[in-house]
Amino acid sequence: MREIIEIIQPLRLAGAPANSKARLKDLGYFSCASTVDIRHMPFYEPCAILVLAGTKTLYEHGQPVTAEAGGVLTVPAPGSYDMRNAPDPRTRQYEALIIPFTTRLLDQLIRSHGLLHEVRQGDVAVLKFAPDDTLHRSIAHYLSTVGDPRLLNHRLMEILLLLVGKNPGLLSYALQAPGWGQRVRAVLSRDLTHPWEIAEVCTRLATSESTLRRNLRSEGISFRTLLHELRLTSALVQLMQTSLPIYRIAFDCGYQSVSRFTKNFHARFGLPPRQFRESMSDSGQNLAVSGQPAG
């Protein structure tokens with residue numbers, strides 16, 4: 001994993017505390033110096049999580065699935081999981097890379113390599129992969145790819161192909177057909193600062209308002225709740241993955257008022273954003289973030 005560590009070294013801000021946060025390409029990078037527990041963390045797209053230091057645990061149906069440094073967890077979507085990020089007790093550091101991918105890319109992988117016979121019906125689950133040098137090299141190649149979207153896509157498929165070779169169950173993620181909630185989130189996510197109204201989203205999705213409301217209701221969500229949850233979840237991720245000031249995060253997530261953002265974030269996650277960020281860097285502290293997302 002040394003090559004990966006060298007590539008992400010610039011993310012470790014010079015002189016910053018152990019909870020340095022930043023973004024790299026379309027990846028998420030997160031580090032913390034204290035144990036962080038998050039309940040009902042929604043995942044809107046599937047991803048692979050490479051643990052660089054410490055341990056990450058996702059709880060599926062109450063059962064823990066844990067990866068240590070060098071290991072990978074893949075997470076299906078849409079879904080919601082309790083999770084724990086625990087620093088290495090010796091270095092007091094937790095670090096991880098989140099590599100998102102799409103079911104469309106899995107479909108492309110299945111067609112390109114004739115893997116349809118390996119697609120398994122049944123429960124779609126969080127999968128655990130042991131540390132592997134070949135996989136690490138593939139991830140390093142992906143991280144080092146710049147300026148060529150086609151090559152970047154190819155190298156992401158290489159990562160997925162290696163994972164499928166270890167556990168074909170990953171292909172079952174392709175069976176998670178996007179619902180109406182996912183379609184709406186895809187539109188809203190393009191610009192969370194936009195004052196979205198359901199009529200505009202209906203136009204973009206080429207459907208009527210009554211049809212969209214009915215379909216969302218069948219999935220147990222509403223348009224307003226979905227937008228509210230998406231903005232707050234985006235804020236949570238930015239607080240964990242970036243060092244942006246809170247006022248900037250509030251604006252980027254569609255809030256014109258920092259006080260309103262703080263109130264809503266506190267109501268959703270049980271802590272105001274500033275306290276949440278400060279708690280992550282308090283070595284030896286345990287941070288529990290809760291709240292039931294919609295849908």
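Visitor: What is a salt bridge?

Guide: A salt bridge is a side-chain nitrogen of Lys or Arg within 4 Å of a carboxyl oxygen of Asp or Glu. Keep in mind that this model is predicted. Take arginine 224 here: it forms a salt bridge with glutamate 197, and their closest N and O atoms are 2.6 Å apart.

Visitor: Which parts of the chain does that pair tie together?

Guide: Arginine 224 lies in helix 8 (residues 223–241), while glutamate 197 is in the loop between helix 5 and helix 6, so the pair ties together parts that are 27 residues apart in sequence.

Visitor: How many salt bridges does a search of the whole structure find?

Guide: The search finds eight. One of them pairs arginine 84 with aspartate 37, with 2.6 Å between the closest N and O atoms. This pair links distant parts of the chain, since arginine 84 sits in strand 8 and aspartate 37 in strand 3, 47 residues apart.

Visitor: Is aspartate 37 buried or exposed?

Guide: Buried means under 20% relative accessible area. Aspartate 37 has 14%, so it is buried.

Visitor: What does lysine 166 meet in a salt bridge?

Guide: The side chain of lysine 166 meets that of aspartate 132, at 3.1 Å from N to O. Lysine 166 belongs to helix 4 (residues 149–166), and aspartate 132 to the loop between strand 10 (127–129) and helix 3 (133–144), so parts 34 residues apart in sequence are tied together by the pair. Lysine 166 counts as partly exposed, at 42% relative accessibility.

Visitor: Let's move on to helices. How are two packed helices described?

Guide: You give the angle between their axes and the distance between the axes. For helix 5 and helix 6 (residues 198–205), the angle is about 105 degrees and the axes are 10 Å apart. That makes helix 5 roughly perpendicular to helix 6.

Visitor: Which residues meet there?

Guide: From helix 5 come Trp180, Arg183, Val184, Val187 and Leu188, and they meet Val201, Arg204 and Leu205 in helix 6. Sorted by class, this contact of helix 5 with helix 6 has six nonpolar, no polar and two charged residues.

Visitor: At what angle do the axes of helix 5 and helix 7 cross?

Guide: The axes of helix 5 (residues 180–188) and helix 7 (residues 209–218) cross at roughly 120 degrees and come within 8 Å. That makes helix 5 oblique to helix 7. Trp180, Gly181 and Val184 of helix 5 make the contact with Leu212, Asn215 and Leu216 of helix 7. Here the residues divide into four nonpolar, two polar and no charged.

Visitor: Now the backbone. Which residues does a cis peptide bond join?

Guide: Look at alanine 77 and proline 78, where omega is about 0 degrees. Proline 78 is in the loop between strand 7 (72–75) and strand 8 (79–86).

Visitor: And phi: what is its value at histidine 40?

Guide: Phi of histidine 40 is near 55 degrees, a positive value in a residue other than glycine. You'll find histidine 40 in strand 3 (residues 35–43), partly exposed with a relative accessible area of 27%. Arginine 92 also isn't a glycine, yet has a positive phi of about 55 degrees. Arginine 92 is in the loop between strand 8 and strand 9 (94–100), and is exposed, with a relative accessible area of 54%.

Conventions: Residues numbered from 1 in each chain as written. Predicted model: local features only at pLDDT ≥ 70, side-chain atom pairs only at ≥ 80, totals over all residues. Heavy atoms only, no water. Axes fitted to C-alpha atoms, helices over the stretch in contact; angles between N-to-C directions. Helix = DSSP H or I, 4+ residues; strand = E, 2+ residues; numbered from the N terminus. Parallel < 35°, antiparallel > 145°, perpendicular 65-115°, else oblique. Contact = heavy atoms within 4.5 Å. Nonpolar A, V, L, I, M, F, W, Y, C, P; charged D, E, K, R; others polar. Buried < 20%, exposed > 50% of the residue type's maximum accessible area, 1.4 Å probe, protein only.
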